[in-house]
Amino acid sequence: PSGNAKVICTWVPTIENQPPDKSWVEKFSTEYPTIVENVYGKGKVIYFANQPDVLSYTMGHQDCMNLLERSIRYLAGDAIQLHSNAPASVNIGLTKSLIRPGEYILSFVNTTSAPVRPLRELIPVNDINVTLTLEGRSVANYKVLRCQGKCDVQSRGQTLTVRLSKLEDFTAVYIQMNA
């Protein structure tokens, strides 16, 4: 890493499978960085040398998922104002328009299924609640683009609450904020 980068984590040497009194290493830190924080422009960047996203997807190990989630929350700070009771198998995305300021698409993708890959069937998820805060004074307009069940949208100032009675595969909501 460059001189002003901060090494957060390094490769941990292999600990050989031996009797407990011999299964240790001199130190856990090595000269091989695996997670590095740096400044780029006006923001911060975290670089992962060991692909925790692939490990999260293929192995589903909670440590990798926690690492990614905490890194995103650290970098975004208070910018992410989205909370939900949806299970982790529901991917929630918020897309901000670069062409029309104040316009968003809130999308839900259900990947809840039996533990067989490739997916053969989706299991519907019921009673999902999402609360999010967006840039702008208040919600000017919204439109449910697709929903399998009932979709209730309520707003108070910049805060929007979306309630889905049922999510089978995909739901999307268009949101327009007042400047």
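**Entry 1: the layout**

I read the protein chain from the N terminus on, and its elements run β-β-β-α-α-β-β-β-β-β-β-β-β. That comes to two helices and eleven strands; I took both as DSSP runs numbered from the N terminus, helices being H or I of at least four residues and strands E of at least two. This is a predicted model, so I kept in mind that local features need pLDDT of at least 70, that side-chain atom pairs count only at pLDDT 80 or more, and that totals for chains, interfaces and linings use all residues. Residues are numbered from 1 along each chain as its sequence is written, and side-chain values use heavy atoms, with hydrogens and water left out.

**Entry 2: overall dimensions**

I looked up the C-alpha trace of the protein chain, which spans about 65 × 45 × 25 Å along its principal axes. Buried residues make up 25% of the 179; buried is under 20% relative accessible area, exposed is over 50%, and partly exposed is in between (1.4 Å probe, protein chains only). Among contacts (heavy atoms within 4.5 Å) between residues at least 6 apart in sequence, 52% join residues at least 24 apart.

I found an open sheet of three strands in the order 1-2-3, with antiparallel pairing; two strands pair if DSSP finds at least two bridges between them. Strand 1 (6–10) and strand 3 (43–48) are at the edges with a single partner strand each, so one side of each has no neighbour in the sheet. The twist averages 20° from one strand to the next.

Strand 2 (residues 33–40) and strand 3 run antiparallel and are joined by six bridges. Their hairpin has two residues between the strands, and glycine 41 takes a positive phi near 60° there. Helix 2 (residues 62–76) lies across strand 2 and strand 3, at about 165° to strand 3. Axes here are lines fitted to C-alpha atoms, for helices over the stretch in contact, and angles run from 0 to 180 degrees between N-to-C directions.

**Entry 3: valine 36**

Valine 36 is in strand 2, opposite tyrosine 47 in strand 3. Is valine 36 buried or exposed? At 10% relative accessibility, it counts as buried. Leaving out residues up to four places away in sequence, valine 36 touches Pro1, Ala5, Lys6, Val45, Ile46 and Tyr47. I also checked arginine 137, which is 101 residues from valine 36 in sequence and 37 Å away in space, C-alpha to C-alpha.

**Entry 4: the largest nonpolar core**

This core has 20 residues, and those with the most contacts inside it are Val90, Phe108, Ile128, Leu160, Val162 and Ile175. A nonpolar core is a set of buried Ala, Val, Leu, Ile, Met, Phe, Trp, Tyr and Cys residues joined through side-chain atoms within 4.5 Å. The elements giving two or more residues to it are strand 6 (103–110), strand 7 (125–133), strand 9 (151–156), strand 10 (159–167) and strand 11 (170–177). I followed isoleucine 128: beyond four places in sequence, its contacts include Val90, Phe108 and Val162.

**Entry 5: cysteines**

With a disulfide taken as a pair of cysteine sulfur atoms within 2.5 Å, I count zero disulfides. Cysteine 64 is in none, and the nearest cysteine sulfur, that of cysteine 9, is 11 Å away. Cysteine 64 is buried at a relative accessible area of 13%.
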